[in-house]
Amino acid sequence: MAQESSINRASRRTRILNNHLVQSPSDSTSCLRSNSCLSYTPAEVTERLDFDTKKMRKILDFHNLEDRDWLFGVIKQGKVFNGKERGGRLFVLPDYNQTMEQQREMTMKRIEYLFERGVFDGWLMKNGVEAELKKLAFLDVIQNFDQSLAVMLGVHFFLWGGAIQFMGTKRHHDKWLRDTETFGLKGCFSMTELGHGSNVRGIETVTTYDLKTGEFVINTPCESAQKYWIGGAANHATHTIVFSQLNIDGVNQGVHAFIAQIRDADGNICPNIRIAECGHKIGLNGVDNGRIWFDNLRIPRENLLNSVADVSPDGHYLSAIKDPDQRFAAFLAPLTSGRVTIATSAVFSSKVGLATAIRYSLSRRAFSVTPNGPEVLLLDYPSHQRRLLPLLAKSYAMTFGGNYLKMMYVNRTPGSAKTLHVVSSAFKAIFTWHNMRTLQECREACGGQGLKTENKIGHLKGEFDVQSTFEGDNNVLMQQVSKALLSEYAAAKKKNKPFKGLGLEHMNGPVPVIPSNLTRSTLRSSQFQMNAFCLRERDLLNRFAAEVSLYQSKGESKEHAFILSYQLAEDLGRAFSDRAILQTFIDAEANVSAGSLKNVLGLLRSMYALICLEEDAAFLRYGYLSTDNAAAVRKEVTKLCGELRPHALALWLGEFKANSVIYCAFGSECTLEKDQFEELLLGLEFTGMPFLAALKPPAAYESLDSGGFQVALSEGFQERICGRGMVHGGWVQQQLILEHPSVGSLWIRWEWKWRREDGLFTKETVFKAVTCNGGRE
């Protein structure tokens, strides 16, 4: 047996060396692994799982769980996604050595792969809430794997397709929607210009109507009018929606949208069009952003998207909405889908970063607190809890906010357009800011490991950074929110009627009072938390209205008065957002029956509310909290961190694949000889399946950390099982492990039938026991 072990060790060394030389894919995994040298105990073994993670996942993902799982499977099977399965989980890592051009071609290959498998069926041709929720669920899944792919699909289906669907009429639907869904054409969306982004009304592209030919003529009059950052334009798009000023008989009728072909079926750029590259970016290089110029481009009159306004064959401008401001608002109202999908994708990105950082903090140890004592897990340091757990609570809160936003979007009506615009603007800004802050904190919390591209945190920062500015600069969007609130305020005061809409009904009641002494039970009360948020929003709206009015009384225009009051506008926008998000959390929590899951949600909700109270200086600046109360809030956040710490693992375990892990336990009375111990672990390794082995140290060894035994296990074994195999030498919470959904049905015990006649077993018999046995031994 000793000779055989020596041969095995030599074989393992050879395989490791070979993997280094040929860069085996198995070495590219970034998973944490068991490490006896550092007394590493995998989090899955020792962390308590006090609530049902499947139920938590259902609450968070909210809709179309079976559809999501189906698409996960489709992506997993596709070689174009570069998937690697480790420990029952799928990791999709881009090829970081690809050029920009190769990344773009890979995006198109992935679109083709998904199209061939029917992923996009009904994305435009089916209507109704169910069809839209399924589409949004699929986009959630795709965003988790490849943000460039998600952006390209968003441009093609939600922007190009959505513009035709909601800004066009039957003639456009009949001609363009089916070809869009089947990729008979590739669409893009030409709104942003070099000189104008958020200020869409100021764009400089000009379109006139030629009465003689019945055509529109589109022109780029100057360099600042070139269409810029147009996703899909540089290489692949064949058609685009052109946003342009419409000039009829010398009168500017404002911004309208037109369909224009920019390439033929062979990919050749059409006459009277010039296209150029935007170049390499800090992220999203799988998206071919381009620039477009139009030089007297002629298009048919029917290519005007005319749901709001039209031009007759004899050149008359026609619209039922006479007010230009209302017409512009109605014109752009259907285009909120972009902000909806950006907001939800930002939350998923923050979850990925937190999953990595929290798992790392449950495995990495640093420093001892007692002489010769064990090093302490990072997440057991209160300071580390403070870094990550409030961000985790915010991500939960924003998940519920995102679910609320999606339901508002799929159930939208003309009457809800304003509310949808305001809420989507607020949530898009808050969620994307939160994502970037979270990713940066997670990067730092992982130390040097956070720098590795394969751990994705830095990669996600580059991919998602643009979300803070596209589909509306976040600061501008928050000012739009404050403007909308001011408008509601002025209307209610002018008509002397109660507030109704945008969640402002709380302003009809008495002013909330904050107790002078905040106890623990008060701080954790949802009623107190909502009162504090409503008090802040109410007071800031009153202050904002008064300051704008004061500037106007001094001769300033309403617009300039608003600009001068930007600080209050920013505070008010955040106050509205925080209150709206908290309400969605409270509503989600109310739908959960009493038990451990509801208790954890209560902790997370309190953490979200109190960290908002602590971080926003407005609560102290305007006197909503005394300094003593602010100190009480700060102390309670620290206490909540300690109470959430035991749940940290389970709060992200919902991503684990069900029934994928072998649990091997021989019981406390069984002690294996060293060679049998090694044979068992080699047999589990050779199955190729994820496993968790909870075993007493072999005979003659006090622990798995014993010097000689460390050497025996460290010669390549840990590297080979990285991410799918874990070995633990101490006591475990066996019942919790067996109840966890990731643990499969096989439980290997000492009294198995696969031993040799002499009572011993080999790695081959272990392999046979695992692969041939479909149930518990």
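With which side chain does the side chain of Lys 227 make a polar contact? The points below take this up along with other parts of the chain.

1. This is a predicted model, in which local features need pLDDT of at least 70 and side-chain atom pairs count only at pLDDT 80 or more, while totals for chains, interfaces and linings use all residues. Residues are numbered from 1 along each chain as its sequence is written, and side-chain values use heavy atoms, with hydrogens and water left out.

2. The chain holds 26 helices and 19 strands (DSSP runs numbered from the N terminus: helices are H or I with at least four residues, strands are E with at least two). Of its 777 residues, 55% count as buried (buried is under 20% relative accessible area, exposed over 50%, partly exposed in between, with a 1.4 Å probe and protein chains only).

3. Lys 227 lies in strand S6, residues 227–231. Its relative accessibility is 0%, so Lys 227 counts as buried. The partner asked about above is the side chain of Glu 193, at 3.0 Å (a polar contact is a pair of N or O atoms within 3.5 Å; within protein, one must be able to donate a hydrogen and the other to accept it, and residues adjacent in sequence count only if both atoms are side-chain atoms). Leaving aside neighbours within four places in sequence, Lys 227 is in contact with residues including Thr 192, Ile 203, Phe 243 and Arg 291 (contact means heavy atoms within 4.5 Å).

4. Asp 146 lies in the loop between helix H6 (129–145) and helix H7 (147–167). Asp 146 counts as buried because its relative accessibility is 10%. The Asp 146 side chain reaches two backbone nitrogens: that of Ser 148 at 3.0 Å and that of Leu 149 at 3.2 Å.

5. Helix H12 (residues 417–445) has 29 residues and reaches 41 Å from its first C-alpha to its last, close to the 42 Å expected at 1.5 Å a residue (the expected span is 1.5 Å times one less than the number of residues). Gly 447 follows H12 and has a positive phi, near 60 degrees.

6. Helix H11 (residues 382–410) packs against helix H21 (residues 627–644) at an angle of about 85 degrees, with the axes 9 Å apart (axes are lines fitted to C-alpha atoms, for helices over the stretch in contact, and angles run from 0 to 180 degrees between N-to-C directions). H11 is therefore roughly perpendicular to H21 (65 to 115 degrees). Residues that meet here include Leu 389 and Pro 390 in H11, and Val 637 and Cys 641 in H21.

Technical notes: Angles under 35 degrees count as roughly parallel, over 145 as roughly antiparallel, 65 to 115 as roughly perpendicular and the rest as oblique.
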